Amino acid sequence: MPKSQTGSPPSKSAESAESAESAESAESANAANAADNPATGAQAKKVHRSPPEKRSGPPQNGLETERKIIACLNPGTGEQFDAVPMATPEEVVAARQEMRRAFPIWSRKPVAERVRILRKFQAVLIDSLDEITAIVNKDNGKSRQDALIEVFTTVDLLNQYCKKAPQWLAREKISPGLLIFKRCYVEHKPRGVVGIIVPWNYPFNLALVPTLSALLAGNTVLLKPSEVTAATGKLIAELFIRVPELAPFVRVLHGDGSVGEALVQANPDYVFLTGSTTTGVKVLRTAADNLMPVGLELGGKDVMLVLEDADVKEAARWGVWGAFFNAGQTCMAVERVYVLEAVYDLFASQVVAETKRLQMGYSDDLTSPNHLGPITLDKQMTIIEDHLADAVAKGATILTGGRRNGSFFEPTVLVDVDHSMRIMREETFGPFLPIMKVKDEAEAIRLANDSPYGLGGAVWSTDIVRAERVAHQLQTASVLVNDSIVQFGVPLLPFGGAKHSGAGRTHGKAGFLAFTESYAYMVGQPPLPFDIATILREPGQYHTNAALLRLIFGTSARQKLQPFLEKSPSPTINIARKVAAAGLIGGVALALGWLRRARRK
Ligand code: NAD
């Protein structure tokens, strides 16, 4: 059993965002931006009504809307360490209008200027490392080092995007095709106001990566952090305030799913959600009412294949890491493993040995020895326990782990699992590594693809050619050969989900350009009489156009020359035939003359 350094505090509960009546509130400033409205000292489960005279921001319609307060609980200790007021529906609408007004100012800045301003934000992030990791650690329960990985990958992406953005946003020349007298190009323009909705498992990275991408592309942003990690959202709002040139173009809207829903209903120009597949469906439904484009980064059931020629020790080591990093609360965590029978026993025993090495616990030290922290959310703990109970009832065997201790759950390795079990079919989002024996490569691929999800996969084999061949048969939007979950750390590699794991991409050029819309331009003088594009548009040119089509696109000499070999109903074609015949005869005569002269010499 893994070593544990914990007591038994409760996980966070969604209940902590409930509301109750309260007359007093010191929080009257613009609650749409936490930095303008610090909530320190506010009572959880209380509604704060702000005296109208103290309001400096919306709502301004005279309506008092109940304000809920999110209690920020440390899932590692159970202590409340902060409180954050939720945005009201009126504030969501007001923030949307404010960002709409700010959009022309930000989008008109040249990209080099936006890069310059975002580099200042990069400097702020680097100056604030310890502050950021301290809050993420309290909010989510992960170690300071794991929190630092979030910042590391965020800054890496920002740095790469700042270098690439001018090139990606540059005007793109496009071939005009047959319209040879025209000049065509594409411009990638910002969408406008972008709504970004964030989960709690990587509350810093998953908030900032889309936000910074959207800003760099020229959009203004409405950011809705997760209610489960609201303190991180509050800190992010404060970090933006530290770059005064950037702050007016982002609004942070704190709150739960109702605020997320209000954000989508406020009709931004694009919504980017990272969250569960269930929420993805809800957002898509709401967005459909306004034909609003959406980007969805959703759940997964990531798969790992261990072929008989794999380096089993390394596969076990990194499979365990990929399954239990962030206590398994990672969208692309290794959630199921298929191992060829030749190496199954060895792999399972290595996995158990690796897992027993892991230390579980909460610490706020910079140098925590822990590999796994707590389960951040009560609701998640229920899913974890349900999946385990279902698997065991259907015949699964626990090789190590399997027990809850307060808000912690031991890293758990299971065998004798099959696809009748929820643990092999549904996203668990917890510290489980179920291993299934398969007879051959084909069965491994078939079972890997037998899933509604298609986020990520990994293939382990010492034969890279074979591993890549297998990788190409997996129906997952990213595949690693001989590694686990690190694809997300490569800023220029597009990341996203196939099947029910999402729509669209984040990271890379594709992920960046998702925050833009392509506008096409065709420029030139008015159509010329002998331009093909003019002829095609003139009425009565059917035969001419059919002849042109054959001549230009015919796939054989017969198809291309057909218009010149047969008499056509079109006078134009007949003239062309005669001109072509004359040209041909003239050409032959010239060639003969040239040959004769050459002979005489
Ligand atoms: P969630 O779907 O419960 O919540 C995500 C966000 O959506 C939260 O901010 C929440 O307040 C908001 N929300 C909830 N209901 C809403 C609604 N009706 N309209 C608008 N917004 C709404 O997810 P979670 O529990 O916070 O995060 C875990 C899930 O996120 C897992 O399924 C995980 O796989 C997924 N995830 C995916 C990726 C990826 O890149 N594909 C990354 C991280 C997490």
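**Close-up views of a predicted model**

**View 1. Cysteines and the chain as a whole.** Cys72 counts as buried because its relative accessibility is 1%, where buried means under 20% relative accessible area, exposed over 50% and partly exposed in between, computed with a 1.4 Å probe on protein chains only. Cys331, at 18% relative accessibility, counts as buried too. The structure holds zero disulfides, a disulfide being a pair of cysteine sulfur atoms within 2.5 Å. This is a predicted model, in which local features need pLDDT of at least 70 and side-chain atom pairs count only at pLDDT 80 or more, while totals for chains, interfaces and linings use all residues. Residues are numbered from 1 along each chain as its sequence is written, and side-chain values use heavy atoms, with hydrogens and water left out. The secondary structure of the chain comes to 19 helices and 26 strands, which are DSSP runs numbered from the N terminus (helices H or I, at least four residues; strands E, at least two). Of the 601 residues in the chain, 55% are buried. Among contacts with a separation of 6 or more, 72% are between residues 24 or more positions apart, contact meaning heavy atoms within 4.5 Å.

**View 2. Surroundings of the ligand.** The ligand is surrounded by 30 residues, of which the closest are Val198, Lys224, Ser276, Thr279 and Glu427; a residue is near a molecule or strand if one of its heavy atoms lies within 4 Å of it. An N or O atom in the side chain of Lys224 is 2.7 Å from an oxygen atom of the ligand. This is a polar contact, that is, a pair of N or O atoms within 3.5 Å; within protein, one must be able to donate a hydrogen and the other to accept it, and residues adjacent in sequence count only if both atoms are side-chain atoms. Thr279 places a polar side-chain atom 2.5 Å from an oxygen atom of the ligand, and a polar side-chain atom of Glu427 likewise lies 2.5 Å from a ligand oxygen atom.

**View 3. Strand β12 and its two partners.** All seven of the seven residues of strand β12 (residues 334-340) are buried, so this strand is largely enclosed by the rest of the structure. Strand β11 (residues 302-306) runs parallel to β12 and is joined to it by five bridges, two strands being paired if DSSP finds at least two bridges between them. Leu305 has Tyr338 in β12 as its bridge partner. From β11 the chain passes through helix α9 (residues 312-324) to β12 in a right-handed β-α-β crossover, meaning that, with the strands pointing away from the viewer, the path from the first strand over the helix to the second runs clockwise. Four bridges join β12 to strand β18 (residues 432-438), again in parallel, and Tyr338 stands opposite Met436 in β18.

View 4. β17 pairs with strand β14 (residues 397-400) in the antiparallel sense over three bridges, and Thr397 has Val415 as its bridge partner. Three bridges also join β17 to β18, in parallel, with Val413 opposite Leu433.

**View 5. A mixed open sheet.** Six strands form an open sheet with mixed pairing, in the order β8-β7-β6-β9-β10-β24. Its edge strands, β8 (250-252) and β24 (502-503), each pair on one side only. Strand β10 (residues 294-297) and β24 run antiparallel and are joined by two bridges, in which Glu297 has Gly502 as a partner.

**View 6. Asn219, a buried loop residue.** Asn219 lies in the loop between α5 (205-216) and β7 (220-224) and, at 0% relative accessibility, counts as buried. The side chain of Asn219 reaches the backbone nitrogen of Arg191 at 2.6 Å. Leaving aside residues up to four places away in sequence, Asn219 touches several residues, among them Phe103, Trp106, Pro190 and Phe515.

View 7. Thr476 lies in the loop between α14 (464-471) and β21 (478-481) and counts as buried at 14% relative accessibility. A polar atom of the side chain of Thr476 lies 3.0 Å from the backbone oxygen of Ser478. Not counting residues up to four places away in sequence, Thr476 touches Gly454, Leu455, Gly456 and Gly457.
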